[in-house]
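Here's a quick tour of a ligand site and the metals that go with it. Have a look at the structure first, then read on.

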Amino acid sequence: MEFSIKSGSPEKQRTACVVVGVFESRKLTLPAELLDKASNGYIADIIRRGDMEGKAGTTLLLHSVPGTLADRILLVGLGKEKDFREKEFGNAIRVAVKTLNDTGAFDATFFLTELAVRKRSTAWRIRQATLIALDTTYKFDQFKSKKDDVRRPLRKLTLAVERRNELSEAEEAQAQGVAIAEGLALTKTLGNLPPNVCHPSYLADQARSMAETFKLDCEILERADMEALGMHALLAVARGSHQPPKLIALTYKGAKAADKPIVLVGKGVTFDTGGISLKPAAEMDEMKYDMCGAASVLGTMQAVARMQLPINLTVIVPATENMPGGNATRPGDIVTAMSGQTIEILNTDAEGRLILCDALTYAERFDPDTVIDVATLTGACVVALGNIASGVFSNKDSLARDLLDAGEEAHDRAWHMPLWDDYQDLLKSPFADMANIGGRWGGAITAACFLSRFTKKYDWAHLDIAGTAWKSGADKGATGRPVPLLTHYLLQRAGKLD
Ligand code: BES
Ligand code: MN
Ligand code: ZN
């Protein structure tokens, strides 16, 4: 889709469709009122007859409205004005784009972006509208032999701003929206790909090609490299698989060489059977999504590189399958992690923390300013927060705060969970420095506590996205979360948010 920004009056737009909002009950927004005036009350008449109440999610398409230059006008219901917030704004954009894809209009001018959203700037509205418009058209149909293509898809979208002096900031925000949407789409696609296609070597190939396109440094560690580094926790998970593990590191340099990088680490278990501690059969296919942390840091890297943000960023992806087999790790095995700490593996299904702990130790080599890991780590986090919020854990409260704020800004929300020392005792092992599980209660917290033992040398946060990375049921699919949160955090760090 092509994008542009414009300031002007709705009645003067020569376009296939002008899109304006109507609040409940039957309250025209300012651009809708302007169209109504130009048409001599034509729109108010229709509304009076009861065809558009303004309820959220509803639309009404009008053709050849007198006194206006557009072929069509699309009225979009916005719900009650006093309840109109971030979520309602996003839904209005989504509904409008979906509706337009069902009409013959190839291009449209949205005046929805002039709607006031409490505490949100013009740049926010443009960034968000662009991101959501593109995301609405996301499809994953590469394995369907018959695609149900949109007959006449929306090709060009113009977003309106009220004043001419907002044009340049709006254009920058729009470019950010496009970059984030493309990162989000990459993340969704990597997540949705079947596990026989998207294995560790596939992720490594993706990283190589991204490095090529965006001129990034790319380093791929093979099994032998991991052995030399003593990454026996990561290697323990990979033992049962016939797919070779990979540890991917991509580096983008947008700031001075002396600026310490932000490092993102993403869990890349391309399929989690549980290993010898085998998972039950029901819904096991969803464990192809156990690499969504990896997918999200790769998507975030792509967005940052495309925006050319003035920061230094490294992403690290430990990638492996977790399979049972004659050579697989047994419950009771003890391994030494790269940090030198010993781990008694009591449950081979608690594998995420095992691959992350070595990746987090490896992160020290980049002399990081901040390290954030992203992982579909625990079912317990889904029990705690459902699929609305991701869990945030951190050894620095201000970092947790910044991530929560970024999640609010992006409407990709997270919730701060405790990481108190009191929980650490649950990881005691009679035979090793620690066990890899902490018992039945507080599972998301004990998992984070485990990771915290490998992140003492830097400011660190952990995002548990087990509940938010994908949806089950009829509209099964990767959500792309937390790419919006991460990209907004990095925009903030780059000084690009107001
Ligand atoms: N990948 C899973 C976590 C998961 C489970 C995410 C279900 C989303 C939905 C992880 O590797 C895992 O299996 N965790 C175990 C840990 C337990 C053995 C301590 C869990 O949460 O059950
Ligand atoms: Mn597991
Ligand atoms: Zn897992």
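The shell around ligand 1 splits into 5 nonpolar, 4 polar and 7 charged residues; here Ala, Val, Leu, Ile, Met, Phe, Trp, Tyr, Cys and Pro count as nonpolar, Asp, Glu, Lys and Arg as charged, and the others, Gly among them, as polar. Bear in mind that this is a predicted model, where local features need pLDDT of at least 70, side-chain atom pairs count only at pLDDT 80 or more, and totals for chains, interfaces and linings use all residues. Residues are numbered from 1 along each chain as its sequence is written, chains are lettered from A and ligands numbered from 1 in the order in which they are written, and side-chain values use heavy atoms, with hydrogens and water left out.

So who sits around the ligand? In total 16 residues surround ligand 1, the closest being Lys 279, Asp 290, Asp 349, Glu 351 and Gly 379 (a residue is near if one of its heavy atoms lies within 4 Å). The polar contacts (pairs of N or O atoms within 3.5 Å) are these:

| Residue | Protein atom | Ligand 1 atom | Distance |
|---|---|---|---|
| Asp 290 | polar side-chain atom | nitrogen | 2.8 Å |
| Thr 376 | polar backbone atom | nitrogen | 3.3 Å |
| Gly 379 | polar backbone atom | oxygen | 2.7 Å |

On its own, ligand 1 has 510 Å² of accessible area, and the protein covers 76% of that (Shrake-Rupley, 1.4 Å probe).

Now the metals, with donors taken as N, O and S atoms within 2.8 Å of the metal (3.2 Å for Na, K and Ca). The zinc ion (ligand 3) is held by Lys 267 (NZ), Asp 272 (OD), Asp 290 (OD) and Glu 351 (OE), at 2.0 to 2.4 Å. Along the chain, the zinc donors follow the spacing K-x4-D-x17-D-x60-E. Why is the zinc arrangement octahedral? Because the 6 donor atoms around the zinc ion (ligand 3) subtend angles of 79 to 175°; six donors count as octahedral if opposite donors are over 155 degrees apart and all others between 65 and 115.

The manganese ion (ligand 2) is coordinated by Asp 272 (OD), Asp 349 (O), Asp 349 (OD) and Glu 351 (OE), at 2.1 to 2.2 Å. The manganese site is irregular, with angles of 70 to 166° among its 6 donor atoms. Asp 272 bridges the manganese ion (ligand 2) and the zinc ion (ligand 3), which lie 3.2 Å apart.

Technical notes. A polar contact is a pair of N or O atoms within 3.5 Å; within protein, one must be able to donate a hydrogen and the other to accept it, and residues adjacent in sequence count only if both atoms are side-chain atoms. Four donors count as tetrahedral if all angles lie between 85 and 135 degrees; four count as square planar and six as octahedral if opposite donors are over 155 degrees apart and all others between 65 and 115; anything else is irregular.
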